[in-house]
Amino acid sequence: MRCASCGVENPEGMKFCEECGTTLVRVCPSCGQQVRPTAKFCGACGTTLGAAEKPLPAKSHSLKGATSARKARRPTASPIAAKSRPAAPEAERRQLTVMFCDLVGSTPLAEKLDPEEWREVVQAYHPAIPG
């Protein structure tokens, strides 16, 4: 089976790509049917599957002195407040354009620097970007 993420051909029956760790087999959360990693909808029940799964990191990289940050949880609204709000509008599909730009040699440099230092280096490039 060919990995949708990196394109490497994997032996039949594998659940994860041997090259990048991307999930090769997904399961529909609604009916349990196996679906392709790139599928947007389940072929058996029609459930929306969303975007293809992101690859899991093969190795854990820890930076010396860095602490793991966690997302702050949003407070849940009380049942009374939820009833007084109008219903949320239906989801809307939109097109967007994303531009990815890579700086030559940035990956090895980012591996050597502390995240805060790397952020400063990248921010130095922002004024050079035409707006």
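**Close-up views of a predicted model**

View 1. Arg-26 has its place in strand E1, which covers residues 26-27. This is a predicted model, in which local features need pLDDT of at least 70 and side-chain atom pairs count only at pLDDT 80 or more, while totals for chains, interfaces and linings use all residues. Residues are numbered from 1 along each chain as its sequence is written, and side-chain values use heavy atoms, with hydrogens and water left out. Helices (H or I, at least four residues) and strands (E, at least two) are DSSP runs, numbered from the N terminus. With 6% relative accessibility, Arg-26 counts as buried; buried means under 20% relative accessible area, exposed over 50%, and partly exposed in between (1.4 Å probe, protein chains only). Follow the side chain of Arg-26 to the backbone oxygen of Leu-49, at 3.2 Å. The backbone oxygen of Ala-39 is also reached by the Arg-26 side chain, at 3.3 Å.

**View 2. The largest nonpolar core.** Which residues make up the largest nonpolar core? They are Cys-28, Val-35, Ala-39, Cys-42 and Leu-49, 5 residues in all. A nonpolar core here is a set of buried Ala, Val, Leu, Ile, Met, Phe, Trp, Tyr and Cys residues joined through side-chain atoms within 4.5 Å. In soluble globular proteins, nonpolar side chains tend to be buried together. Leaving out residues up to four places away in sequence, Leu-49 touches Arg-26, Cys-28, Pro-29, Val-35, Ala-39, Lys-40, Phe-41 and Cys-42; contact means heavy atoms within 4.5 Å.

View 3. How many disulfides does the structure hold? The count is 0, a disulfide being a pair of cysteine sulfur atoms within 2.5 Å. For Cys-3, the closest cysteine sulfur is in Cys-20 at 3.7 Å, too far for a bond. Cys-45 is in no disulfide either, and the nearest cysteine sulfur, that of Cys-28, is 3.7 Å away. Is Cys-3 buried or exposed? Cys-3 counts as buried because its relative accessibility is 3%, whereas Cys-45, at 41%, counts as partly exposed.

**View 4. Salt bridges.** The model has 2 salt bridges, each defined as a side-chain nitrogen of Lys or Arg within 4 Å of a carboxyl oxygen of Asp or Glu. One joins Glu-9 to Arg-2, with the closest N and O atoms 3.5 Å apart. Glu-9 is partly exposed, at 49% relative accessibility, and Arg-2 is exposed, at 55%. Glu-92 pairs with Arg-94 in a salt bridge whose closest N and O atoms are 3.3 Å apart. Both Glu-92 and Arg-94 are exposed.

**View 5. Leu-109 in helix H2.** Look for Leu-109 in helix H2, residues 106-112. Its 36% relative accessibility makes Leu-109 partly exposed. Not counting residues up to four places away in sequence, Leu-109 touches Trp-118 and Val-121. The C-alpha atoms of Leu-109 and Val-121 lie 9.7 Å apart, with the two residues 12 apart along the chain.

**View 6. The whole chain, for orientation.** The protein has 3 helices and 2 strands, running β-β-α-α-α from the N terminus on. Of its 131 residues, 11% count as buried. Among contacts between residues at least 6 apart in sequence, 16% join residues at least 24 apart.

Technical notes:
A polar contact is a pair of N or O atoms within 3.5 Å; within protein, one must be able to donate a hydrogen and the other to accept it, and residues adjacent in sequence count only if both atoms are side-chain atoms.
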